[in-house]
Every structure is written in structure tokens, then in C-alpha cells.
Amino acid sequence: MTIRIVIDRERCVGSGNCLYWAPGTFDLGDDGVSVVVDPEGDDEERIRVAAEGCPTRAITVENRTGPAEGPDEAENEG
Ligand code: SF4
């Protein structure tokens, strides 16, 4: 399943907990605030643990529910 990771940059205090749990997914930016480097960089379980371990609950993990795959709508020319 594809997940969507959202970091509330106002809340992040740069503790680095998320990097510890899911180093392939999170990194600290130059401003000391966490960023997502690869939403599929770690097992989903680790990413969820990282989100739960954030001291300020700055990380939200959502299941991605996109529209069902369907045929591309081709431009109708003429
Ligand atoms: S665990 Fe939370 S507060 Fe710490 S760096 Fe990650 S997002 Fe920021």
C-alpha cells in the first residue's frame, strides 16, 4: 500500500527520532527540520513507529487513496 507522509514543519523540533527509526525515509534539512527524502525508504511499519515516536507528533502518515486506475483519457482531436 502506498502511504503519504506529511511533516508539520512548524511542529518539528529537530529531535531526530524519526531519522533513528526510519533513516531511509526522513532526514534533517539544512534548517534542522525533518524532511521526507523517500516515502518508501523504509518498511511502512518503521515509518509508522517513527511517526508515533515523534515527540511533537509532527508526522502524519496517511493511507493514500487515489482514484482507481483507469484508462488514460486521451485528448480528442477533431
Ligand atoms: S521526530 Fe518529529 S520533531 Fe523529531 S526530527 Fe522527526 S519530525 Fe522533527
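Q: In this predicted model, what percentage of the contacts in the chain with a separation of 6 or more is accounted for by residues 24 or more positions apart?
A: The model is a predicted one, and the share is taken over those contacts in the chain whose separation is 6 or more. Of these, the part that joins residues 24 or more positions apart comes to 56%.

Q: Which pattern do the helices and strands follow along the sequence?
A: The chain contains two helices and four strands. Read along the sequence, these elements are arranged as β-α-β-β-α-β.

Q: Is Leu19 buried, partly exposed or exposed?
A: Leu19 belongs to helix H1, which covers residues 17-21. A residue counts as buried at 20 or more other C-beta atoms within 10 Å and as exposed at 12 or fewer. Because Leu19 has 17 other C-beta atoms within 10 Å, Leu19 is partly exposed.

Q: Which residues is Leu19 in contact with, leaving aside its neighbours within four places in sequence?
A: Contact here requires C-beta atoms within 7 Å. Once the neighbours within four places in sequence are set aside, the contacts of Leu19 are Phe26, Asp27 and Leu28.

Q: Which of the residues around the ligand come nearest?
A: The shell around the ligand is made up, by class, of nine nonpolar and six polar residues, with no charged residues. Out of the 15 residues around the ligand, those that come nearest are Cys12, Ser15, Asn17, Cys18 and Cys54.

Conventions
Residues numbered from 1 in each chain as written. Predicted model: local features only at pLDDT ≥ 70, side-chain atom pairs only at ≥ 80, totals over all residues. Near = placed C-beta within 6 Å. Nonpolar A, V, L, I, M, F, W, Y, C, P; charged D, E, K, R; others polar. Contact = placed C-beta atoms within 7 Å.
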